[in-house]
Amino acid sequence: MIQHRVNDCSNASPRLDIQQAWWTMVGLGDGQREWTFEEKFEKIAEAGFTGIVGFVPEPAEAERWRRKLDEYRFGFGALAFPRKREDLRKVLHQAKHFGAQYINAQVMDSFVIGDEAIALLNGLIDEAAAAQMPFFAETHRGRVTQDLHRTVEYVNAIPDLRLTIDLSHYVVAGELADGSAQAEPFFDDLLRRTSAIHARVSNGQQIQVDIGPNGEHPMVPHFMRWWENGVRYWLQEALPGDVLPVLPELGPPSYGITSDNYAANRLELSDRWQQALLFKRLILDVWQRAQR
């Protein structure tokens, strides 16, 4: 059976799960050293996140990961980069054994187009359904979902295609510096398939920008409106026990802009951790507004 949403098998009202991308934690620390594995978990928990998204740990690390996830009662979303059904089958086996909630897939690659891409996506959906694992394709450049137009075509062709929404990729690819009105109906088609959201803001020239200490960047209202629409669509279909994973996904360099990409001691121009905490606040605001 195809699972369009994460569900915790309870009778609870549909809920938000604000997770943290493990990728975002790369290089973060106190200014003198990077936080340890344990310190990163502590920071994520102290900040009020309720889960982590990352690769399924290798067998040698799985017990340590599971112990920490259980200690903090974190959910876990598993990353996958499949080129074919067999690639996903392997990750599904690992993810099920580890206890992952869902698969977040960046489907490879941008040169797979048209009917070939549709066949690949259908095959991946079938593979995940056989494993009874929710499967969400991320809207991402350099992947099957390379651009806005082709991704809308795939959504229209595949009724069961569910998405992890990250519209920053289409804002930067389309240079949508003002949240172009022409893109709105295309975005709406994708947002109707929301099953998870990755929160990042692009200014139409850079994929990831600092949005200011309180979200003053002029693109923030556009992204918050899109996220809210996605949450509203998700809530319209949500059933008891359904869970919506939403996370700030702020990458380290070269996603994180630095003072000099070629210098050995390059410095990021943004405090990535503080920005992640701000995005968490914005996500909560979006959730509350969507419920109203």
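**Figure 1. Ile-165 and its bridge partner Ile-197 in strand E8.** In this predicted model, Ile-165 has Ile-197 of E8 as its bridge partner. The strands concerned are E7, residues 163-165, and E8, which pair in the parallel sense. Three bridges link E7 with E8.

**Figure 2. Strand E8 beside strand E9.** Ile-197 also has a bridge partner in E9, namely Val-246. Strand E9 covers residues 242-248 and runs parallel to E8, to which three bridges join it. In a regular strand, side chains alternate between the two faces of the sheet.

Figure 3. Strand E8 comprises residues 194-199. Six of these six residues are buried, so E8 is largely enclosed by the rest of the structure. Here a residue counts as buried when its relative accessible area is under 20%.

**Figure 4. The β-α-β unit built from E8, H8 and E9.** Helix H8, residues 220-237, forms a β-α-β unit together with strands E8 and E9. This unit is right-handed.

**Figure 5. The packing of helices H3 and H4.** Two packed helices are described by the angle between their axes and the distance between the axes. For H3 (residues 85-98) and H4 (residues 114-130), the angle is about 25° and the axes lie 9 Å apart. H3 is therefore roughly parallel to H4, since angles under 35 degrees count as roughly parallel. The crossing of H3 past H4 is right-handed.

**Figure 6. Residues that meet between H3 and H4.** On the H3 side, the residues in contact are Arg-85, Leu-88, Arg-89 and Leu-92. They meet Gly-123, Leu-124, Asp-126, Glu-127 and Ala-128 of H4.

Methods. Residues numbered from 1 in each chain as written. Predicted model: local features only at pLDDT ≥ 70, side-chain atom pairs only at ≥ 80, totals over all residues. Heavy atoms only, no water. Buried < 20%, exposed > 50% of the residue type's maximum accessible area, 1.4 Å probe, protein only. Helix = DSSP H or I, 4+ residues; strand = E, 2+ residues; numbered from the N terminus. Pairing = 2+ DSSP bridges. Right-handed = clockwise from strand over helix to strand, strands pointing away. Axes fitted to C-alpha atoms, helices over the stretch in contact; angles between N-to-C directions. Parallel < 35°, antiparallel > 145°, perpendicular 65-115°, else oblique. Left-handed = near helix turned anticlockwise from the far one by under 90°. Contact = heavy atoms within 4.5 Å.
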